[in-house]
Amino acid sequence: MDYMEQALSLAKLALGQASPNPAVGAVVVKNGEVVGQGYTQPAGCHHAEVLALEQAGEQARGGALYVTLEPCCHHGRTPPCTQAIIAAGISEVHMAMLDPNPLVSGRGKKELERAGIRLSVGEHEQEAKRINEAYTKFITTGIPFVTAKFAVSLDGKIATRSGDSKWISGEEARKQVHSLRYTNDAIMVGLNTVLTDDPLLTSRCCGGRGGTARKQPLRVVVDNKGRTPPDARLFTKPGRTLLALGRQVTGEEAKAFAAVEAELLELPSTEGLVDLKKLLKALAEREITSVLVEGGGILLGSLFDDGLVDKVIVFIAPIIIGGREAKTAVSGQGIDRIADSLKLQDVTVERFGEDLMVSGYVRREECLPALSQR
């Protein structure tokens, strides 16, 4: 049995629920048998290692621990996991990757080595890094991981010339979108998406029988001029909503949005566009580690123009819409030459019903101030 693979499967269960902590899975093995397992609980609760050790009890002594991330060695919201591992009498630890958090990176490993525990690092490392890609960016840059998501026809349209967009993608693709929402801390849309579609922007998965998920992502509306109606559906329960404005709020507006329990964030704007870099920093201050941007074209175009997108997920439906006035997914300034086009790497293609999902990572190097959070 591949015990690290089992630990990675457990880590995936924590995605979207453990933030701002990383999603970690842990398995304790004794005499070839799994005697304990766990994954990271919501912030302030037990880490994966502690849960696995508690389940193993005395059987952990002399056993092996398989964990997807280097155990923490400092006091945060919870005590250090390294101390729990040493106290439990674990004889060897297999970790998929080191923790990029400057407070931990390599230090947890050294603490376990000093205690005489045998260590192995790097099993399924790439998969472990993929699971915690948002945490890694957040903890090393202080900026959330941004995924641009949109659905298009074969000819690259997101709506007809009349603005109709329901539904370009099929039911299976839409189910996958709800899974993406579930694993992200926030969903971001522009004003036109709210006015045109009046979306709920909730995650309707993992709540049992197709119901609404228990933990909802923060809904973020980018509205430079403040034209979002207070009776929009995204202000309804469950979930919280933040309205990012490019101007000062009037007293009447503040009262109206307070009535629907919306948070208002006033930001500087340039050429009619909210400062998206400052918006992302403000979200990071709220411990938002990942943002799923669902449109529309103006918002996505601005994010691409500013180099703020980390990952792209596109659902391609086998339909043709046509029309010179039909909307495209990404507007903004764009580029003049194909040679300067934004390129993706690690591209994957999956099928959901009749639709294809193409995903990949933006090729870009960033050097931003670090923020320690775990």
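View 1. In the largest nonpolar core, which has 38 residues, Val28, Leu65, Ile85, Ile90 and Val93 touch the most other members. A nonpolar core is a set of buried Ala, Val, Leu, Ile, Met, Phe, Trp, Tyr and Cys residues joined through side-chain atoms within 4.5 Å; buried means under 20% relative accessible area (1.4 Å probe, protein chains only). Helix α1 gives the most to this core, with six residues. This is a predicted model: local features need pLDDT of at least 70, side-chain atom pairs count only at pLDDT 80 or more, and totals for chains, interfaces and linings use all residues. Residues are numbered from 1 along each chain as its sequence is written, and side-chain values use heavy atoms, leaving out hydrogens and water.

View 2. Rings of Phe, Tyr and Trp (its six-membered ring) pair if their centres lie within 6.5 Å; planes under 30 degrees apart count as stacked, over 60 as edge-to-face and the rest as tilted. Because Tyr3 lies in helix α1 and Tyr66 in strand β3, the pair ties together parts 63 residues apart in sequence. Helices (H or I, at least four residues) and strands (E, at least two) are DSSP runs, numbered from the N terminus. Both Tyr3 and Tyr66 are buried.

**View 3. Phe235 and Phe257 form another tilted pair.** Here you can find 5.6 Å centre to centre and 55° between the planes. Both Phe235 and Phe257 are buried.

Methods. Buried means under 20% relative accessible area, exposed over 50%, partly exposed in between (1.4 Å probe, protein chains only).
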